[in-house]
Amino acid sequence: MTSPHATSEFADSPKPPRHGIYNFSAGPSHMPLAVVDRIREELLDLGETGIGLIEHSHRGPAYMDASAEAEAVIRRITGIGDEHAVIFMPGGATVNFAFLALNFLSEGGTGVYLDTSVWAQKAIDEARPVGKVQVGFDGRSTDEFTCPDPTKAGADIDAPADAVYLFYCANNTGEGTWFNEPPRSDLPLIGDLTSDIFSRPWPFTDHAMTIAAGQKNLGAAGCSVIVARRDFIERGSKSIGPILRFADHERAQSILNTPPTFAIRVIGLMAEWTEAQGGPTAIAARNESKSSMVWNTVDESGGFYRSRADVSARSHLNVTFETGNASLDATFLTEAKSAGLENLAGLAGVGGMRASMYNAFPVKGAEILVDFMKDFARRNG
Ligand code: PMP
């Protein structure tokens, strides 16, 4: 089903990739060509103003309209009401992990963190120098990467009832796992949605805050989309400068200083593209089909490929696999690159291979990867 807000220029399914290359990069990552074409036009002239996108004043009507439009689309997709704000915060996710801790932990409170990934650990690293951190779940200490089990309804999460928030990383980009649902907790929930925003329906209204850096499903790096309850961000510390406070950015309508105007416009276009595809529900079905093709190839390889991602928590965006032999993995990556399958190397510290297939990644790319994986296994098994 296409969204009522679909515009014809974005309604097409993803066009074929460029130069026969399929880009499996974990982020920055593949963009829909319709959006790239539009950015190219707007770089020369935004909305027939005679002034290019990155040349407009951030206080002029052309940029302000673009920013308001981006917020409006994000509000429609997330289904939030007026109690939630949309803020375009400077910097990527890690910068905002630091802002999070400075706002809410600098006055003595405890932040609970679910350690399911390298990125959750980066969030912990930003919080520890600022305040008290409790690791409420350990999903990385064994050989298998996992997330809390939804059937345990929160019983496998260790969190004091008076903690300030509970932080989780919804999709573990490097490990290839994801939360099937947000963790169950009465604490204010903070979700890092950097690599899965708009990839599936998600209950934004149940969160005190979600953080998503731009460079995957939202386009360009350099800006994070924050969806936050207004009463929650008002509780942020007053002992830090305004530029560090979510509430001040919100009151200034994300123009507290010069915002990353280019990245914000790209976020707006990606949000419009998301709607034109039928929104997160339609996109989730496509992501499911792309990822299950690759996961099935791992499972049906007779042990040639394996993955450290817990089967019950497999991500539909990042598929991680390895042969168990580092030099064979290296050969896989070299041959894949020659075949036009780029950026398949696993995250440093995880190793092996990782196929990142975000919302805009074409189904055809997954099919070609699967053919390559089968052929490689036949030749090397
Ligand atoms: N969280 C997740 C889930 C990520 O995948 C990444 C980076 N790819 C980050 C956080 C860090 O984002 P940034 O590089 O923008 O700080």
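Helix α8 (residues 261–276) lies across strands β2 and β10 (223–229) and runs at about 65° to β10. Helices (H or I, at least four residues) and strands (E, at least two) are DSSP runs numbered from the N terminus, and contact means heavy atoms within 4.5 Å. Angles run from 0 to 180 degrees between N-to-C directions, with axes fitted to C-alpha atoms, for helices over the stretch in contact. The model is predicted: local features need pLDDT of at least 70, and side-chain atom pairs count only at pLDDT 80 or more, while totals for chains, interfaces and linings use all residues. Residues are numbered from 1 along each chain as its sequence is written, and side-chain values use heavy atoms, without hydrogens and water.

Strands β2 and β10 belong to an open sheet of seven strands with mixed pairing, in the order β2-β10-β9-β8-β5-β3-β4. Its edge strands, β2 (84–90) and β4 (132–138), each pair on one side only; two strands pair if DSSP finds at least two bridges between them. Within the sheet, β5 (residues 165–169) and β8 (residues 189–192) pair in the parallel sense over four bridges. Phe167 has Ile190 in β8 as its bridge partner. Helix α5 (residues 118–127) lies across β3 (110–115), β4, β5 and β8, at about 160° to β3.

Helix α11 spans residues 363–380.

Definitions and conventions: Expected span 1.5 Å × (residues − 1).
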